[in-house]
Amino acid sequence: MFLLLAMVMGVYASDTAQESAKFEKLLLAEWKDSVRHALADAFNAKQMCIGRDTMPLHWSIYGEKPADGYALFISLHGGGGAPAELNDSQWENQKRLYHPQNAVYLCPRAITNTWDLHFVPQADAFYRNIVMMAEAMLDVNPNKVYVMGYSAGGDGVWRLAPRMADSWAAASMMAGHPGDVSLVNLRNVPFMIWCGELDSAYERNQRCQERIDEMAALHNNDPEGYINEGHIVKGKSHWMEREDSVAVDWMAQYQRNPYPNKIVWKQEEVVKPHFYWLSAPVRELKRGMEVIASFEGNTITIDKCDYSSLTISLCDKMMDLDRPVKVIYKGKTIFKDKVMRQKITMRRTLYSRNDPAFVFPAQIRVEIK
């Protein structure tokens, strides 16, 4: 009886911070091996296939590898709703357009030739795989991944930057149209906007100026977030004659914080179950659903939540997991207890997110409604 009790307690015993850190190193090595195996064909062929869709890839490596790994710049070409030959020529142009240093510069050829070629719903899985492949095979730092694009590629950045915000260190949009996208998810993604003063097609210049003003207002209301810079380039039309190229160095000064102390998460047209250190019930995901949450010390505060429950993922880089954790929703404490570090949780979070930064040893599920 005593032996059985000890075995049961051993299953549920909390790991120490040191044990978790040691296991994380082993787990990440295993994960990288699995990615190398799964994406070897795509890497060697420079062509990624998911389902019926195929995305040709081109990358160049510029400069020396820093001690903490290369940066990755994903650069989206122009074109859009046009014949394949035109989009192909725009892809060729994009390959030569920018030269970030100490970085992998990767240009994907869009999987469609439609107006929304870079941000059709199925495209997100390709970008996630590209980042995984670059991390595992090219020694890219997961916290130095940037997205940028010109014209139709800029259209893509408007969409991808917010809906995949927890993937990016920074983003830059060049000469694209924002449509109806919400920018609130960019709270922790430095964002740059470029458009020519004379780029009046589809009212790009006006719409971009409006979004520059919107980003400034978001930053003024939340000074620790929404880092941004906007440029309406005097005398330039759709082609800005490379004045926008300074965006590369601007982005490179920032690295992703995978554990920001405040999150604003609003579902876009492609819904996601996870965002930074939060997860929502899959059955409730739909566009417009929103959560605003923050943490300070060992206290997590949920200011807004449109879901019936939330899962909060935690690690020792965020707070002291040897002390009790408290969760407050609308002024009421809905959880207060110590949490347990578990290897199974680390494995589950890594393989569900496929991001080396999101290895969480502990989770809390709280009921909201």
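What share of the contacts in the protein with a separation of 6 or more comes from residues 24 or more positions apart? The share is 68%. The model behind these views is predicted.

**View 1. The whole chain.** The protein has nine helices and 17 strands. Its C-alpha trace spans about 80 × 45 × 35 Å along the principal axes. Buried residues make up 55% of the 369.

**View 2. Surface and charge.** The protein exposes about 16,300 Å². Carbon and sulfur atoms supply 53% of that area. There are 43 positive and 45 negative side chains. The centres of the two sets lie 5 Å apart.

**View 3. Trp 115 and Phe 119.** A search of the whole structure finds twelve aromatic pairs. In the pair of Trp 115 and Phe 119, the ring centres are 5.5 Å apart. The planes meet at 80°, so the pair is edge-to-face. Trp 115 is exposed, with a relative accessible area of 55%. Phe 119 has 6% relative accessibility, so Phe 119 counts as buried.

**View 4. Trp 158 and Phe 191.** These two rings form a tilted aromatic pair, 5.5 Å centre to centre with 50° between the planes. The pair links distant parts of the chain, 33 residues apart. Trp 158 sits in helix H6 (residues 152-163). Phe 191 belongs to strand S7 (residues 191-196). Both Trp 158 and Phe 191 are buried.

**View 5. An aromatic cluster.** Four residues make up one cluster: Trp 265, Phe 275, Tyr 276 and Tyr 307.

Note on methods. Residues numbered from 1 in each chain as written. Predicted model: local features only at pLDDT ≥ 70, side-chain atom pairs only at ≥ 80, totals over all residues. Heavy atoms only, no water. Helix = DSSP H or I, 4+ residues; strand = E, 2+ residues; numbered from the N terminus. Buried < 20%, exposed > 50% of the residue type's maximum accessible area, 1.4 Å probe, protein only. Contact = heavy atoms within 4.5 Å. Areas by Shrake-Rupley, 256 points an atom, 1.4 Å probe, with all protein chains shown as cover. Lys, Arg positive; Asp, Glu negative; His and termini not counted. Charge placed at Lys NZ, Arg CZ, Asp CG, Glu CD. Phe/Tyr/Trp six-rings, centres within 6.5 Å; stacked < 30°, edge-to-face > 60°.
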